[in-house]
Amino acid sequence: MTGTLVHHLGGDPLAKNEKVKLVAGFLRGMSLTSNFAPLLVFVGHGTQTDNNPNYAAMACGACGGLSGGVNARLAAALFNDLQVRERQPDVARIG
């Protein structure tokens, strides 16, 4: 994944402390606050519904019918960001 994480409004790049806070929030949200494996794997799921837009829109409520792959790639990019990695050097980096 290439590019820079930016603020939704204004497009300013996220500061190092903002990235670290996001990663910490991800970990707390998944209850990964201690004694977890050094390798974290983010998996996005998806569904397929043919010829029924009403069902397709509800197939994945959290993603609005879209694949969660984008979210997984964004999380992995954020966790692998070099500025964030400086704070968590013991967690394996997957490129």
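Lys16 is partly exposed, with a relative accessible area of 34%. It belongs to a predicted model, and the views below take its parts in turn.

**View 1. Lys16 pairs with Glu86.** Side chains of opposite charge can pair when their charged atoms come close. Lys16 and Glu86 form a salt bridge, with 2.8 Å between the closest N and O atoms. This pair joins distant parts of the chain, 70 residues apart. Lys16 sits in helix H1. Glu86 sits in the segment after helix H4 (82-85). Glu86 counts as exposed, at 54% relative accessibility. Lys16, at 34%, is partly exposed.

**View 2. Asp81 pairs with Lys19.** The structure holds two salt bridges, and this is one of them. Here the closest N and O atoms are 3.1 Å apart. Asp81 lies in the loop between H3 and H4, and Lys19 lies in helix H1, so the pair ties together parts 62 residues apart in sequence. Asp81 has a relative accessible area of 18% and is therefore buried, the limit being under 20%. Lys19 is buried too, with a relative accessible area of 8%.

**View 3. Leu22, Phe26 and Met30 form a nonpolar surface patch.** Together the three residues have about 250 Å² of accessible area. Met30 lies in the loop between helix H1 (16-29) and helix H2 (53-58). Its relative accessible area is 41%, so Met30 counts as partly exposed.

**View 4. The second largest pocket holds about 180 Å³ of space.** Twelve residues line this pocket. Closest to its centre are Val43, Gly68, Asn71, Ala72 and Ala75. Helix H3 (residues 69-80) gives the largest share of the lining, with four residues. By class, the lining has eight nonpolar residues and four polar ones. No charged residue is part of the lining. Rolling a probe the size of a water molecule over the atoms shows where empty space is left.

View 5. From the N terminus on, its elements run α-α-α-α. The chain has 95 residues, and 19% of them count as buried. Among the buried residues are Asp81 and Lys19.

How values were computed:
Residues are numbered from 1 along each chain as its sequence is written. This is a predicted model: local features need pLDDT of at least 70, side-chain atom pairs count only at pLDDT 80 or more; totals for chains, interfaces and linings use all residues. Side-chain values use heavy atoms; hydrogens and water are left out. Patches are made of residues with over 30% relative accessible area and no salt bridge: like charges are joined within 9 Å, nonpolar side chains (Val, Leu, Ile, Met, Phe, Trp, Tyr) within 5 Å. Accessible areas come from the Shrake-Rupley method with a 1.4 Å probe; for residues, only the protein chains shown count as cover. A salt bridge is a side-chain nitrogen of Lys or Arg within 4 Å of a carboxyl oxygen of Asp or Glu. Helices (H or I, at least four residues) and strands (E, at least two) are DSSP runs, numbered from the N terminus. Buried means under 20% relative accessible area, exposed over 50%, partly exposed in between (1.4 Å probe, protein chains only). On a 1 Å grid over the protein atoms alone, a cavity is a set of points where a 1.4 Å probe fits but cannot get out, and a pocket is an open set with protein on both sides within 12 Å along at least five of seven lines; lining residues have an atom within 4 Å of a point. Grid points are joined across faces, edges and corners, and a volume is the space filled by probe spheres set on the points. Ala, Val, Leu, Ile, Met, Phe, Trp, Tyr, Cys and Pro count as nonpolar, Asp, Glu, Lys and Arg as charged, and the others, Gly among them, as polar.
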